[in-house]
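Open the model in your viewer and keep the selection panel handy. We will go stop by stop, with a note on what to select and what is there.

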Amino acid sequence: MTSADLVPGRGASRRRARVERVVFLGPGIGYLIAFMAIPVLLILSLTIFKRGRFGGVVYQPTIENFIRAFDPIYLSVLGNSLVIASITTVLALALGYPTAYGIAKLAPKWRTIALIAVVLPFWTNFLIRTYAWIVLLNSEGPINKSLVGAGLIHQPLELLYTRGAVVAGLLYAYIPLMILPLYASIERLDPQLREAAANLGASPWRTFRDVTLPLTLPGAIIGSIFVFVPSMGNFIIPELLGGGKTVMVGNLIRDQFLKARDWPFGAVLALALIMFLVALFALQSWVTRRLNGGGRT
Amino acid sequence: MTRIGWLRLPLTLTYVFLYVPVVVLVIMSFNASKSPFSWGGVSTHWYAVLAGDQNVLKGLGNTLVVAAGATVLSVALGTLIAVGLQRHSNSSFLDSFALAPAIVPDIVLGIGLLVFLSLISVTLGLHSVLLAHVVFGMAFVAAVVRARLSQTDPSLEEASRDLGAGQVATFFRITVPSIMPAIIAGALLVFTLSLDEFVIAFFTDGPSTPTLPIVIYSMVRFGVTPEINALASLLMLVSFTAVLAAQRLTRLTDSV
C-alpha cells in the first residue's frame, strides 16, 4: 500500500504512483543488481565448478572445492583468522565499552567532541593507519627506543611481524566501529531505570548486570559484528604487520583470485566469509528479538 | 565531569591509542634524517621530495578522477533511491537491498566485480574502479538523504503538486532544496571514502592506472621511507578537513 493507493478510486493516480516508483527506484536498484547482486551471486555460483587449467572456470559441477576447504592447511588458516578476529573483537569490546560509557557520561558539549575524536582517525587512509604501526612497532621505532632509553630492556623487542602486531593493527583500524553503536545504545538508556534499581537496593554491580548490560547488549553485538567481520576478511594488515607469517582468510582469497587463479576455490573461501557474516547477523537478530520479547516483563 | 570517575582511565587509554600513531607519523614527516625512525632535526625536505614524485602525483590524479566521478554518480543515484524509498515505497526488502553494499565485505564485492567484469570482457581501469565505488557510494548517500527526508514534511511536496507544479518541478524546486545539506554531506562522505578506498580498487583497477591508495600500498610494501610519512600527514589533513566540514553540514541538517 503506497500513499497513492489511499487516494480514493483513481486509476490514473495509481498508474502515476507506479511510474514514479520506477523513475525513482529503477536506476539505483538496477545499478545494484548489475554491479552488486550479480557479482556476488556469480561468486557463489563459481563454488560448484571446476577450475580451468590456466585459470578461468570449467563449467562442470563438482564438490571438490568444498572438500578441499576442509584440508587441514586451510582449516588452520580459517581457525587462525577466527582466533585473531575474536581476540580483536574481545579487546575492542573491553576497551570500547567503558569508553562509550564514559563518553555518554560527559557533558553534552564534550560528548560531541569526544565522538568526533573517535571517528576522526577512522577517516584517514586505511593503509596509512596500518603504516603508522609499522613505524611505531619497528625495532628502531619510538616504542623500542623509549624502552631501551629508559633502561627497561637492553635489546629491542620483536614487536613487528607478530600476531600481536596484527591484532593491534586490526584493533586500531576498527575500534571506532565498536564505540559508535555502543555509545548509541548506552546514550538511549533511561537513567531512571538505573535509579530505580538502586532505590530498590541493587548494588552498582547488580544494576549493571541486570539493567544496563542487557539493554546495551544489542549495541555490543552490532559493534562486535562491525569489528569481527572486516577483521576476518582483512588481508592487508596480516600482510604488512604480520610480515607474511600470519595468513588469514582474506590473504587466501586474494591469492586464489590474483595469484593461483583458482577462482572456484577462492569463491568457496569467500562463501565461508559470507556465511560467518550471515550467522552473526542471525545471532544478532535472535538476541535482539529475545531481549525485546522477554526483557520488558 | 566529576561523574565519570574511574571511566577516565579507559577514555584516556582509548584516545592515547587512537592518536599516538597519528602524532608520531606527523612528527616523523618533518624529520630531516633519511631513516624514517631516527630523528635528524626539523625539515620539510620530504614534502619537497613528495611534490616531485611522479608516481604519487599520477596516482593522486587518478584517484581524484575516480572520486569525482563516483561522487557525481552516487549522489544522483543515491538521492533518487532515497526519495523513492522514503516517499514511493514501503518495501522493507528494497530498504535492506539499498543498504546491502555497506554490509557486503569489500573483498567479496571486489572479487565479485573482478570476475563479473572479466567474464563480460570489460578491461579493467579507472572506469571499473569508478563503477565499483558507486556501489557503496550510492548506499551512503541514500542513507544520509533518507535520514534527512524522514525529518522533512511531505505535505510541502503535496502542496506543490496541488498547486499545479509537475512532478519534475516539485522534485527540483521543493524536494531537492529541502534535502540539500544532506546531499552535500553525502557527497563529501562518498568523495572521502572513494579517495581512501583500497581493497575494491585493488581488485578492479587496471595495472597502468593505479589510484593513490594502490601507489601507497606498493610504497609501504617496498619499505618505510620518510616520504610516506609526509604523504600520510597531508592525506590526514585532507580527510580531517573533509570530515569536519561534513560534520558541520550534518549539524546544520539536524538543527534546521
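## First stop: a residue in chain B

Select B:Val22, which is found in helix H1 of chain B; helices here are DSSP runs of H or I with at least four residues, strands are E runs of at least two, and both are numbered from the N terminus. This is a predicted model, in which local features need pLDDT of at least 70, side-chain atom pairs count only at pLDDT 80 or more, and totals for chains, interfaces and linings use all residues. Residues are numbered from 1 along each chain as its sequence is written, and chains are lettered from A and ligands numbered from 1 in the order in which they are written.

The cut-offs are 20 or more other C-beta atoms within 10 Å for buried, 12 or fewer for exposed, and partly exposed in between, with C-beta atoms placed from the backbone.

Now show its contacts, meaning residues whose C-beta atoms, placed from the backbone, lie within 7 Å. Neighbours within four places in sequence aside, B:Val22 is in contact with A:Pro121, A:Ala132 and B:Met236.

## Second stop: the whole of chain B

Colour chain B by element and you will find 12 helices and zero strands. Its C-alpha atoms fill a box of roughly 70 × 65 × 30 Å along the principal axes. Of the 256 residues in chain B, 48% are buried. Among its contacts between residues at least 6 apart in sequence, 80% join residues at least 24 apart.

Next, colour by pLDDT, the predictor's confidence in each residue from 0 to 100. Chain B averages 84, and 95% of its residues score at least 70. Where pLDDT is low, the predicted coordinates should not be read in detail. The model scores ipTM 0.83 and pTM 0.84.

## Third stop: where the chains touch

Select the contact between the chains: 66 residues come from chain B and 63 residues from chain A. H1(B) gives the largest share of the side of chain B that touches chain A, 11 residues. By class, that side has 52 nonpolar, 12 polar and two charged residues. Here Ala, Val, Leu, Ile, Met, Phe, Trp, Tyr, Cys and Pro count as nonpolar, Asp, Glu, Lys and Arg as charged, and the others, Gly among them, as polar.

Select helix H6 (residues 126–137) of chain A, whose end C-alpha atoms are 17 Å apart. That agrees with the 16 Å its 12 residues should span at 1.5 Å a residue, since the expected span is 1.5 Å times one less than the number of residues. H6(A) is mostly covered, with 12 of its 12 residues buried; among them are A:Arg129, A:Ala132 and A:Trp133.

Then select strand E2 (residues 57–61) of chain A, which is hardly covered: the count of buried residues among its five residues is zero. Strand E1 (residues 49–51) of chain A pairs with E2(A) in the antiparallel sense over three bridges, where pairing requires at least two DSSP bridges between the strands. To see one of the bridges, select A:Lys50 and its partner in E2(A), A:Val58.

Note on methods
Contact = placed C-beta atoms within 7 Å.
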